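Subject: Structure handover

Hello,

Here is the structure for you to look over. My notes on it follow below.

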Amino acid sequence: PALARGLAAALSRRRGEFDAWSGLVGARDDLLVDLDRPRSPTGLEQYAACPFRFFLSSVLRIGGSHDPTEVDLISALDEGSLVHEVLERFILAAGPKPPHEPWSPEDREAMLALVDEVTSRYRSEGRTGRELLWGVRVKQLRHQLLRVLDTDERLRAERGVTPAAVELSFGLDDRAPVTLQLDDGRTVAFKGTADRVDVSPDGRRLVVYDYKSGKHEPFLGVQYDGEGGGDLTARGTKLQLPIYALAAQRRWPDAEEVEARYWFVGSRSNGRTLGGPFDDAAERRFRDVVGTVVDGIEGGRFPANPGREQYRSGAWTHDNCGWCDFDRVCPTTRGETWVQLRRSPALADYVALAEEQHAAEPDG
């Protein structure tokens, strides 16, 4: 019987049939998206990129195994948490900073003291990798976070805003979730935390920031000019900005202009931001994208979409597989299987969303 099941799976995948062997789970009550189960933006992003990855991580709740004692450097996740903590505590301690007021030498010393405090704690917790390499990285972090203050001065002056909130949470710790009503009447609830919201002195303009400590290149698809050009969701693979913009609108309902941006605070991106205004067109696009993703989840459709094939680090891989915890779980023929699966009528809406990239993404 075990061999028969294996042969059935292999034959089904070879024929490109979308069935139980290739991700068709079918509609189930526990897959329904409703107000009682707020969703995180990163979970829905996973579905947009690769539904099978979403199925393994968010439905079956399987996770990768990582041992911090086996790494040479601090993990990207821990470094991101460290940087977020430093920036959150610094802004809270500094208080509202007027749009055109620079940071003083005393402010900068306070930033360095905070970096030293937080990095020392991470080191004591055994989360920083090899001692010699960590000593170098701490010096880089001190310089990197001082440069964040330089960028902050420029952004506040350009947009005429001042920090008004950090770690704006919703759907967590008894806080009401952010809700979105789809065109068919269904309501989706979201949970999460926006890193920072800046507000103009007259309260008319909001700028929402989500800090990113990694590279900016994976986010190049998140560009929107406010005139219908671009896509703030990057085909559904980046949903944090629209959700955070909705959360800020709820907090400041009288604001007339809302802008949402990823702020790359890492050393290589030089303070770059990507995003754009959250206007009526951006909200419609967001609603359409979420509708497609929710339809797929509730319909139990979880095919493995490896993305485009590319040559990376001396080997051929796919866009969606290079950094996936489940890379070894998928069949080696995933690329050929997807070529067949993408023709299934049941996946037409998802394929239309996922493969807009070929025409919409910038070359960079």
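Asp 231 and Arg 285 form a salt bridge, with 2.9 Å between the closest N and O atoms. Asp 231 sits in strand 7 (residues 230-231) and Arg 285 in helix 8 (residues 280-298), so the bridge ties together parts 54 residues apart in sequence. Asp 231 is buried, at 12% relative accessibility. Arg 285 is partly exposed, at 23%.

Keep in mind that this is a predicted model. The mean pLDDT is 90, and 95% of the residues reach 70 or more. Strand 5 (residues 205-212) has the highest mean among the elements, 97. Helix 11 (residues 357-360) has the lowest, 46. The pLDDT is below 50 over residues 358-364. Beyond near neighbours in sequence, that stretch has 7 contacts in the model.

Back to the salt bridges. The structure holds 36 of them. Arg 204 pairs with Glu 256 at 3.0 Å, N to O. That pair links distant parts of the chain, 52 residues apart. Arg 204 is in the loop between strand 4 (192-199) and strand 5. Glu 256 is in the loop between helix 7 (240-251) and strand 8 (257-264). Arg 204 is partly exposed, at 42% relative accessible area, while Glu 256 counts as exposed at 56%.

Arg 123 and Glu 131 also meet in a salt bridge, 2.8 Å from N to O. Both ends are partly exposed: Arg 123 at 45%, Glu 131 at 48%.

Helix 1 (residues 2-15) has 14 residues and spans 20 Å from first to last C-alpha, close to the expected 20 Å. Leu 3, Leu 7 and Leu 11 make a nonpolar surface patch, with about 320 Å² accessible together. Residues three or four places apart on an α-helix point the same way, because there are 3.6 residues a turn. Leu 11 lies in helix 1 and is partly exposed, at 46%.

Leu 112, in helix 5 (residues 105-124), has 11% relative accessibility. Leaving aside neighbours within four places in sequence, Leu 112 contacts Arg 142 and Leu 146. Thr 317, in strand 11 (residues 315-318), is at 16%. Not counting residues up to four places away, Thr 317 touches Arg 308, Glu 309, Gln 310, Arg 312 and Gly 322.

Best wishes

Conventions
Residues are numbered from 1 along each chain as its sequence is written. This is a predicted model: local features need pLDDT of at least 70, side-chain atom pairs count only at pLDDT 80 or more; totals for chains, interfaces and linings use all residues. Side-chain values use heavy atoms; hydrogens and water are left out. pLDDT is the predictor's confidence in each residue, from 0 to 100. Helices (H or I, at least four residues) and strands (E, at least two) are DSSP runs, numbered from the N terminus. Contact means heavy atoms within 4.5 Å. The expected span of a helix is 1.5 Å times one less than its number of residues. Patches are made of residues with over 30% relative accessible area and no salt bridge: like charges are joined within 9 Å, nonpolar side chains (Val, Leu, Ile, Met, Phe, Trp, Tyr) within 5 Å. Accessible areas come from the Shrake-Rupley method with a 1.4 Å probe; for residues, only the protein chains shown count as cover. A salt bridge is a side-chain nitrogen of Lys or Arg within 4 Å of a carboxyl oxygen of Asp or Glu. Buried means under 20% relative accessible area, exposed over 50%, partly exposed in between (1.4 Å probe, protein chains only).
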